[in-house]
Amino acid sequence: MNAIAFTDVRKNYGDVLAVDGLNLTVEAGRTVALLGPNGAGKSTSINMLLGLVRPSGGRIEVFGHLPDEAVARGEVGAMLQSGELIPELTVMELVDFVRRLYPRPLDLDEILKMADLSDLVKRRASKLSGGQTQRVRFALAIAGAPRLLVLDEPTAAMDVESRQRFWASMRDYAAGGRTVLFATHYLEEADENSDRVIVVAKGRVVADGTAAQIKAGAGGYTVSFTLGGQPAAGLDALPGVSAVEVSAGAATLRTTDLDATVTALYRGTSLEIRDLKVTGADLEDAFLALTRES
Amino acid sequence: MPNYIRIEALRMLRNKRYIVFVVAFPVIFYLLFCNVLGGETAPGGIGASAYLMVSMSAYGSLAASIMSTAVPWAQERQSGWLRQLQITPLPNRTIILTKLAAALLLTLPSLLLVFLAAVLTQDVSLEPGQWIGLVPAMWIGTLPFAALGLAVGSLVPPDTAQPAAMIGMFGLAILGGLWFPVDNMPTTMQAIAHALPSFPYADIGWHLVAGETPPLQDVVTILAWTVALGAAAVLAYRRATARA
Ligand SMILES: Nc1ncnc2c1ncn2[C@@H]1O[C@H](COP(=O)(O)OP(=O)(O)O)[C@@H](O)[C@H]1O
Ligand SMILES: [Mg+2]
């Protein structure tokens, strides 16, 4: 069962094509990152997923329903990119109000604990710090026990420690077999907190897979070792290898499948491998390469 | 919906501006005016303290219904709270119906406080039948003002809604004769007062207090305003909540 399905989804604002033929599906139970630079169309896609923005074309389904229906059935909870609370109300009043709007909400205590708010229940929203406000907004997003949780750059206003606590809360929530989609332009966040990364740029999907696959897709890894006088023939036929360079007795292989290449190097050749060194194209490089190409 | 009305009422009761302008002002001015004009006879031959009871509770209810709608609603649209609600199962129409219900609820403190002050400190006494007519008339009569406030909140951002609400509130109150009786005004001003919703609203109250049946024209004028402003509020709300 797909939690999310975008089919040829487009959205233009006048001349600006914010989303340009987006196709993607997300299986229920996954935690997926939507990674892309500012202006890539992440928020527009998320707002269409939530029924807040109407697509100019294409179709979106959430658990097989149109976004509006899924929202009305209480299957979706979300933290939008920006939004304030009602300043006169306390944390508890806000959370309890929103949870009661859903047919099968979480227990109040459970929400407060998961969002790390147990010490702030009586605090008015106007007296919360930026990070605390984000935690309340997270609490509102999970209050109704939605099967799909959507987070649009949720950690933007947080310091490092709050970030870590935030992602721990998110993983707690996701652990019950729930689906999470979050947008970010931080590479490490996507890498560390999702089991799949969808890279978008200029309103299109430019890469899709695990963080490791994405790294590999954009140049992958470099494996180098001392070859000495041994023959270099056959190295380019090893699994995963896309390029071979030999100079001054040193071989450098570029590979998209590090494990297969190294295994084959040791087991599939009779070469004597010394000084083996692996360098990964880091995600930063991969990301820049991907988003530049498009 | 009770859950939502409760939240809306709670936040307004914690709002200083609401407490000052809407809850405290009418009853304080009522007592001040009574102190000055106490024994005199007001237009329509009723005692000043009974006349002023209607004037000040009318002002308070009018102010309450505009203040609890226009600015908070404009703020919610701008701050993103509306979007937060739109991604919950709460239906769109429940939002505006709740705002209306909460506005009606929030007129009660000023209304009842002025009535109470009139009875307890100014010895105003009406027949039970008069109270039974007066309280609901003064209460339900605030509908066009709540609709006006909601329309303003749907149409303009908070920094425009703020002065608009103040001007609407005091403009309607003064021009409608709630602060100074229209009988002492030039005829043009009287004609203006009769065309506004605020004068007929209070006029119904003044007649009831005098033991008379309110003129049909008052009822017709206020109904017409309720329909017109109600329609404006619904249209403006649709526009404000339309998906981009
Ligand atoms: N309401 C809008 N009106 C006009 N242009 C918009 C609107 N919302 C987004 N855009 C444009 O659409 C593009 C994608 O924006 P957005 O979805 O916010 O990207 P992201 O969330 O990835 O930063 C940007 O060029 C942005 O300027
Ligand atoms: Mg965004």
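1. In chain B, H2(B) brings Tyr18(B), Val22(B), Val23(B), Pro26(B), Val27(B), Tyr30(B) and Leu31(B) into contact (heavy atoms within 4.5 Å) with Leu106(B), Pro109(B), Ser110(B), Leu113(B), Val114(B), Ala117(B), Ala118(B) and Thr121(B) of H6(B). These residues divide into 13 nonpolar, two polar and no charged. Here Ala, Val, Leu, Ile, Met, Phe, Trp, Tyr, Cys and Pro count as nonpolar, Asp, Glu, Lys and Arg as charged, and the others, Gly among them, as polar.

2. This is a predicted model, in which local features need pLDDT of at least 70 and side-chain atom pairs pLDDT 80 or more, while totals for chains, interfaces and linings use all residues; side-chain values use heavy atoms, without hydrogens and water. Residues are numbered from 1 along each chain as its sequence is written, with chains lettered from A and ligands numbered from 1 in the order in which they are written.

3. Helix H2 of chain B covers residues 16–37 and helix H6 of chain B residues 92–121; their axes come within 9 Å and cross at roughly 20°. Axes are lines fitted to C-alpha atoms, for helices over the stretch in contact, and angles run from 0 to 180 degrees between N-to-C directions. Helices are DSSP runs (H or I, at least four residues), numbered from the N terminus. H2(B) and H6(B) are therefore roughly parallel, a term for angles under 35 degrees.

4. The contact residues of H8(B) and H12(B) divide into 15 nonpolar, three polar and one charged.

5. For helix H3 (residues 48–67) of chain B and helix H11 (residues 198–209) of chain B, the axes come within 9 Å and cross at roughly 145°. H3(B) and H11(B) have a right-handed crossing. Their contact residues comprise ten nonpolar, four polar and no charged.

6. Ligand 1 is surrounded by residues of chain A (a heavy atom within 4 Å), including Tyr13(A), Pro37(A), Lys42(A) and Ser43(A). A polar side-chain atom of Thr44(A) lies 2.5 Å from an oxygen atom of ligand 1. Polar backbone atoms also approach ligand oxygen: that of Ala40(A) is at 3.1 Å, and that of Gly41(A) at 3.0 Å.

Technical notes:
Helix = DSSP H or I, 4+ residues; strand = E, 2+ residues; numbered from the N terminus. Parallel < 35°, antiparallel > 145°, perpendicular 65-115°, else oblique. Polar contact = N/O pair within 3.5 Å; in protein donor to acceptor, adjacent residues only side chain to side chain. Left-handed = near helix turned anticlockwise from the far one by under 90°.
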